[in-house]
Amino acid sequence: MISFELSEEQTSVREAMQGFASDVLRPAAREYDEASAIPDLFFQQAWALGLTATQIPESYGGYGAERSPFTNALVLEELAYGDAALAVAAMTPCLFANALLDHGTDEQKQAHLAAFCGDSFHTGSLALSEPKPGFDPFAPSTTAEKKGSGYTLHGVKSFVPLAASAAHFVVIARSEDGLDAFIVPRDTPGLTVSETEKNLGLKALQTSELRLDGVDLPAAQRLGGAKGADVRRLINQGRVAISAVLTGLSRAVLDYCVPYSKERVAFDEPIAQKQSIAFRLAEMHMEIESSRWMTWKAASDLEAGRDATRSATMAKRYVAEKSMWISDNGVQVLGGHGFIREHPVELWYRNARTLGVLEGTATV
Amino acid sequence: MVNFELSKNDKTVLDALRSESLIARKYARQYDENEHEFPPDELPEAKDHPNFMSHMATRGAEDSGGSVMMTLIAMGSTWGDYSVRLRRRDSGLGNSALKAAGTPEQIEKWGGLTLAMAITEPGCGSDPSQVRTTATLDGDNWVINGEKIFVTTGCRADGVVVWATLDRSAGRAGIKSFLVEKGAPGFIVAHKEKKLGIRADDTAAYVFEDCRIPRSNLLGGKEEIPKGGSGGFKGVMKTFNMTRPLVAGLGLGMAEAALDFTREELSRAGIDIAYDVQGTTQSAAAAKFIELESAFEAAKLTMLRASWLADKGETNNIEASVSKAKAGGAVRDITQGCIEILGPMGISRAHLLEKWFRDVRITDIYEGTGEIQRMIIARGLLDYTRKELN
């Protein structure tokens with residue numbers, strides 16, 4: 001049955017996130033972007049929302065709400081409407097925790113999840129991207145060779161969010177079994193976390209490169225143990241997450257352009273009364289709607305446990321392209337002001353370009 | 001709960017429709033090449049084939065809503081062919097107008113007829129407030145004079161809902177709709193139009209020369225012209241909130257047929273569409289195909305959204321326009337792109353792709369052009385009146 005009906009719980013989660021996005025994220029976005037850093041206070045505020053602990057079962061110390069990739073997509077759209085960098089930062093602990101929640105063995109969950117259910121901010125991270133042209137998350141260059149009963153990891157990972165403060169990483173690599181994932185504590189010999197990367201967008205979100213020079217891991221550190229992890233699902237979740245973030249970003253752009261174009265007068269009338277601007281805004285709205293439903297469709301595939309490779313890939317490629325187009329038009333609607341850092345559209349333009357190339361920085 | 005999966009009953013209906021559409025498709029080329037012929041009311045195969053609509057009799061709470069199903073049925077029908085059906089079932093646009101604006105007595109009287117809708121004139125298309133066809137009261141009759149073009153189902157309909165003005169100086173408020181049955185004196189079906197695509201479709205031009213109809217044929221029955229505002233005009237325009245997602249569906253069904261054909265031909269050529277391969281290793285044809293397929297999915301979802309809102313009884317005028325505008329653009333990109341992917345075989349009349357390319361082009365024009373849809377969307381976004389943005 002075709003339905004776009006959100007549950008009461010989803011609606012209230014969405015409203016709570018809207019409040020947090022407008023009260024906390026949006027007002028802080030510019031300052032943190034300029035500083036290329038996020039103060040601890042923000043992480044504490046975000047932590048209080050319980051984004052990570054909510055969906056962790058009570059037996060591991062969490063609140064025991066149903067694990068819902070769909071609800072998380074709603075959360076991400078709303079947070080990213082406030083600011084995309086802060087949305088990803090707030091959800092980074094989930095990257096690690098949800099990977100364990102979905103794919104880890106009971107021992108792995110026992111060992112790691114409780115730390116995400118405490119009163120103070122705690123994070124791990126996910127190392128998926130690699131610094132090479134046209135990086136394909138389904139074919140990583142990072143390798144995990146069998147050595148004795150364990151594994152040895154070699155490779156370089158990039159754009160690992162909050163790596164500097166992460167206690168552990170889930171590292172995606174290629175083993176003889178295909179796509180594989182490993183839990184790597186940050187003090188493991190052979191693992192180097194670089195200085196903070198300097199990026200075009202999401203500047204507030206501190207990211208690092210991870211070098212894995214012969215990192216030896218016992219078999220117990222393989223995500224999912226002997227069974228391994230469904231890395232494909234992990235990647236699809238990342239794609240849906242990015243689609244949700246970019247949908248929120250696109251909405252922010254349009255909602256900024258609408259009042260601006262009604263106030264800005266040129267040739268004796270508001271520019272919004274000219275078809276060249278009005279039609280552009282209409283098209284932006286059409287693509288935001290399309291983006292949201294593409295994201296929802298892929299998220300509902302994940303929610304139902306279906307293979308979401310097709311829907312998530314299509315959502316990611318579609319939404320990334322449209323959000324780039326929308327933020328590009330946002331800059332154009334504002335004209336010279338779109339280029340000035342006093343307005344947020346140049347930030348959204350940079351963020352859209354940055355997020356569009358990421359395949360799996362976030363897992364919902 | 002948000003759900004994009006069809007129920008078992010939904011699938012039964014749409015699967016049965018698909019097998020009907022496969023039969024209809026066999027006749028697609030014949031009626032495209034012989035534009036003056038009408039496809040029959042029933043194809044020869046109809047007698048051995050149960051009507052797919054019989055499956056619509058059993059619906060439950062877990063099945064998709066009626067409007068959602070109608071858009072999916074529109075898609076499933078044109079996936080076979082735009083004009084040819086195993087059994088003809090055009091319920092004209094006039095039927096939607098009758099349902100929306102007619103009095104209970106009028107709905108009772110004419111509900112069983114196939115009704116076309118005549119709005120467009122040689123001098124007015126996107127701006128129907130410029131209608132020049134007149135209706136004048138003479139005793140117990142309306143006398144109608146004027147010309148109408150692009151009347152869908154116009155030749156075969158039993159009657160037509162005609163837009164005419166009682167008083168041109170009253171602007172939109174002066175426009176009323178009238179029901180004219182075939183055979184009314186002075187009602188002339190002038191000719192069937194020759195077109196780029198949807199050639200087997202019945203598109204007529206009408207002339208009304210002192211055409212006399214009973215006074216009770218004014219749709220909705222309200223003869224007075226309200227002062228100020230648009231009168232009943234806005235109400236009549238609401239008909240489009242339901243028909244626009246349907247028109248999106250008609251276009252998208254053909255776009256889906258083009259995608260299915262292209263995928264099969266690519267596969268035959270050894271190019272399979274993989275969704276887990278990145279830019280550097282994907283073939284350009286496969287990458288292009290996924291781009292077109294994504295555009296299809298996006299447009300289809302906006303169509304489902306608009307019709308789902310209609311099922312809920314919620315306002316959907318912006319969403320209806322979004323779905324129409326999205327489909328209007330997507331179906332052009334998709335059919336143009338599929339030809340690009342397949343090259344010379346895409347333009348050969350040995351296949352149907354070139355026909356779909358021609359047929360879908362109307363999607364962004366009728367029932368309000370893409371530009372009109374953008375106008376409606378922009379007015380909604382900006383909270384502008386017709387006067388502030390035009």
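**The contact between chain A and chain B**

Author: Start with a charged pair. A:Arg310 and B:Glu293 form a salt bridge, and their closest N and O atoms are 2.7 Å apart. The term means a side-chain nitrogen of Lys or Arg within 4 Å of a carboxyl oxygen of Asp or Glu. In general, side chains of opposite charge can pair when their charged atoms come close.

The model is predicted: local features need pLDDT of at least 70, side-chain atom pairs count only at pLDDT 80 or more, and totals for chains, interfaces and linings use all residues; side-chain values rest on heavy atoms, with hydrogens and water left out. Residues are numbered from 1 along each chain as its sequence is written, while chains are lettered from A and ligands numbered from 1 in the order in which they are written.

Now the whole contact. Chain A contributes 47 residues and chain B 50 residues, where contact means heavy atoms within 4.5 Å. About 4400 Å² is buried between chain A and chain B, and carbon and sulfur atoms give 63% of that area. Buried area is the accessible area (1.4 Å probe) that two parts lose on being put together, summed over both. In chain A, the residues that lose the most area to chain B are A:Met1, A:Ile2 and A:Phe4, together 19% of what that side buries.

Next, the polar side of it. Eight salt bridges are counted between chain A and chain B. The two chains also share 19 residue pairs in polar contact, both residues at pLDDT 80 or more. A polar contact is a pair of N or O atoms within 3.5 Å; within protein, one must be able to donate a hydrogen and the other to accept it, and residues adjacent in sequence count only if both atoms are side-chain atoms.

Which elements give two or more residues to the side of chain A that touches chain B? They are helix H6 (231-263), helix H7 (275-303) and helix H8 (309-334) of chain A. H7(A) gives the most, with 17 residues. The residues on this side of chain A divide into 23 nonpolar, 10 polar and 14 charged. Here Ala, Val, Leu, Ile, Met, Phe, Trp, Tyr, Cys and Pro count as nonpolar, Asp, Glu, Lys and Arg as charged, and the others, Gly among them, as polar. Helices (H or I, at least four residues) are DSSP runs, numbered from the N terminus.

Return to A:Arg310. Its side chain also makes a polar contact of 3.4 Å with the side chain of B:Tyr275. B:Tyr275 sits in the loop between helix H7 (239-268) and helix H8 (284-312) of chain B. Within chain B, the side chain of B:Tyr275 makes a polar contact with that of B:Arg263, again 3.4 Å. Leaving out residues up to four places away in sequence, B:Tyr275 touches A:Arg239, A:Thr309, A:Arg310, A:Thr313, A:Met314, B:Arg263, B:Ile290 and B:Glu293. Is B:Tyr275 buried or exposed? B:Tyr275 counts as buried because its relative accessibility is 11%. Buried means under 20% relative accessible area, exposed over 50%, and partly exposed in between (1.4 Å probe, protein chains only).

B:Lys326 forms a salt bridge with A:Glu287, the closest N and O atoms being 3.0 Å apart. B:Lys326 lies in helix H9 (residues 317-342) of chain B and A:Glu287 in helix H7 of chain A, so this pair joins two chains. B:Lys326 and A:Glu287 are both buried.

Now step into chain A. A:Asn236 is in helix H6 of chain A. At 1% relative accessibility, A:Asn236 counts as buried. Not counting residues up to four places away in sequence, A:Asn236 touches A:Phe138, A:Leu302, A:Asp307, A:Ala308, A:Thr309 and A:Ala312. A:Thr309 is also among the residues touched by B:Tyr275.

Compare a pair within chain A. A:Glu34 and A:Arg341 meet in a salt bridge (2.7 Å, N to O). The pair links distant parts of the chain, 307 residues apart: A:Glu34 is in helix H1 (residues 8-35) of chain A, and A:Arg341 in the loop between helix H9 (336-339) and helix H10 (345-356) of chain A. A:Glu34 is partly exposed at 39% relative accessibility. A:Arg341 is partly exposed too, at 48%. Over all chains, the count comes to 52 salt bridges.
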